[in-house]
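My entries follow in the order in which I checked things.

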Amino acid sequence: MSDRPATDAAWTRPVPVPDDVTAAFWAAAGEGRLVVQRCADCGTYQHPPRPRCTSCAGEPAYTGVSGDATLVSWTAAHDPVVPGRPRGLAPVTIVVVELVEQPGLWLVSDLVGVDDRELAVGLPMRVAFDATAGDQVLPRFVPAGDPS
Amino acid sequence: MTWANRCVVAVAGVGFSAVERRTSTPLGRFADDAAAAAIADAGLTPDAVDGLATYPTPPFEGAVARSGEDMVDVEHFLQAPWARDVGWYSQAGEGMVTTSVRDAVHALAAGACTTALVWRAMYVPPGTYGTHSTAAAGDAAFAAPYGCAGAIPWHALAYRRYLELSGGRREAMAALVVGSRNNANRNPHAVFAGRTMTEQDYLGARMIADPLCLFDCDVPVTAAIALVLTTAERAHDLPRPPVFVAAAAQQTTRREHRLHYTMGDHVAAGTPLVDDLWRQSGLGVGDVGVAQLYDGFAPSVLYWLEAAGFCGRGEALDFVQDGRIAVDGALPVNTGGGSLSQGRMHGMGHLAEAVLQLRRDAGARQVADPRAALVLVGSPMLRGGGVLLTTEQL
Ligand SMILES: [Zn+2]
């Protein structure tokens, strides 16, 4: 799969709008770091971010994570389902991954040019910072066995 | 403990507008037709209506939402010349039509009104269906930039994992979808009343977001359906056999995953919802003679079957084979064609079909002898709900 394009120039991805709760996530992504909210009181990770810990109402703080994950689910989405993607291109494979730090700690990502027959629940994945939406670097996940 | 409002309120009338795909006729006229039909069906005149309840939200992003044109909210009927005596209304922002039914039961039981009109009107906009924003704020910032926006990928991700974990094959869904179309072919209110579907049609349909193909997605329509609810005491004096609201519950369970649907969230939300219906009514899964299970996307029916306990976890694709959910099967499901084939009415088609079945007014698709109809509407992302209707006043 070394011929897989890491990004897809024809796709104008919707641009994340950082806010008071999420700005630190996007700033870290811009530096090539994956951070996730973790509760300072009970230690639970949560994503997407919330103003408080949804387990104990404690204070969440962004914490660096390994970027290692496993595949939870995927779908090859055809146009016009995918926002900002011109018609006629190959489908985008939207994926959900579970970070190794905590069961149920799921993030959404995508794969472009992947052969879906290689995918399976539990497939090891790793984070990459190889795509942008506008000027924002996006954390994405690729199969851990792929060459970078 | 059973519900204090168990069978205190009954459905006394049901009415349908014409059903179209795209049309230049304002949606308010469809709603007017459905309301007039429901009120006449109940043997009443419009001035008897003193309560209004709906869930008016358009189902697509970018909707303009003009009252009476592409949405029908409470304001539309408050502008009607007959609506001078309306003393109560409810307009749900989440929860879909079962929320409106539940609100109306509470209002009628409390004496806030005596005759409530409950409706849902749906509209197909011109041009491309739905628009996407170029910016993604809030939770969407963590999903939309990756292509994950809207109900289609949300459902596809849940369905893929369901198939992987259960060992099911998407081809087996043909039984449910073709069966739904067969039912619609016997329903004059269905947009696909005259269009048949074979298993080959289903298997040849184009992919939308695999494993969801085109025919796993419901069909958008422009139409309105209305119910008239009143107290059981009054309903006994009206011409139609009363259909009693034996239970009505709301999904309130918190979702573990907010960026897309999951099978786990559906069961976690659906099981306590259905348990609440059994507790309120005193009935159980074995009492259900016909089930109307929300099918905005076909796999939702599988999740509802499992959440309600009609079969075990991961068994629903097997359960729907061999005619088991057909009109003459062990558990008839979506006998009017559901959202997949009657048309996307966000659950109001399911409610109306349940009423017709219990009144023995379902014509060529009538189930033999249903005493209780289970209606489960929505999905965890939409805070759906459930209603249990009965022919007898429990
Ligand atoms: Zn905590």
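**Entry 1: a hairpin in chain A.** I began with β2(A) and β3(A), which form a hairpin with five residues between them. In the turn, A:G43 has a positive phi of about 85°. Strands here are DSSP runs of E with at least two residues, helices are runs of H or I with at least four residues, and both are numbered from the N terminus.

A note on the source: this is a predicted model, in which local features need pLDDT of at least 70 and side-chain atom pairs count only at pLDDT 80 or more, while totals for chains, interfaces and linings use all residues. Residues are numbered from 1 along each chain as its sequence is written, chains are lettered from A and ligands numbered from 1 in the order in which they are written, and side-chain values use heavy atoms, with hydrogens and water left out.

**Entry 2: the sheet of chain A.** I looked up the strand order next. Three strands form an open sheet, β3-β2-β4, with antiparallel pairing. Strands β3 and β4 of chain A stand at the edges with a single partner strand each, so one side of each has no neighbour in the sheet. Two strands pair if DSSP finds at least two bridges between them.

I then went through the pairs. β2(A) and β3(A) (residues 45–46) are joined antiparallel by two bridges. There, A:Q37 has A:Q46 as its bridge partner. On β4(A) (residues 60–64), β2(A) has five bridges, again antiparallel. A:V35 is bridged to A:G64, and A:Q37 stands opposite A:Y62.

Why is β2(A) largely enclosed by the rest of the structure? Four of the five residues in this strand (35–39) are buried, so the rest of the structure largely encloses it. Buried means under 20% relative accessible area, exposed over 50%, and partly exposed in between (1.4 Å probe, protein chains only).

**Entry 3: the sheet of chain B.** I traced an open sheet of nine strands with mixed pairing, in the order β3-β2-β4-β8-β1-β9-β12-β11-β10. Its edge strands are β3 (88–91) and β10 (290–293) of chain B, each pairing on one side only. Neighbouring strands are turned by 25° against each other on average, direction ignored. Axes are lines fitted to C-alpha atoms, for helices over the stretch in contact, and angles run from 0 to 180 degrees between N-to-C directions.

B:L52 is bridged to B:Y89. Helix α8(B) (residues 263–281) packs on the sheet and touches β9, β11 and β12 of chain B. Its direction makes about 140° with that of β9(B).

**Entry 4: where the chains meet.** I found 36 residues of chain B in contact (heavy atoms within 4.5 Å) with 40 residues of chain A. The buried area is about 3,200 Å², of which carbon and sulfur atoms give 63%. That area is the accessible area (1.4 Å probe) that two parts lose on being put together, summed over both. In chain B, the most area is lost by B:F142, B:P145 and B:Y146, together 25% of what that side buries.

How many salt bridges cross the interface? The rule, a side-chain nitrogen of Lys or Arg within 4 Å of a carboxyl oxygen of Asp or Glu, finds zero.

**Entry 5: one serine.** I ended on B:S300, in helix α9 (residues 299–308) of chain B. At 1% relative accessibility, B:S300 counts as buried. Leaving out residues up to four places away in sequence, B:S300 touches B:H155, B:H266 and B:Y294.
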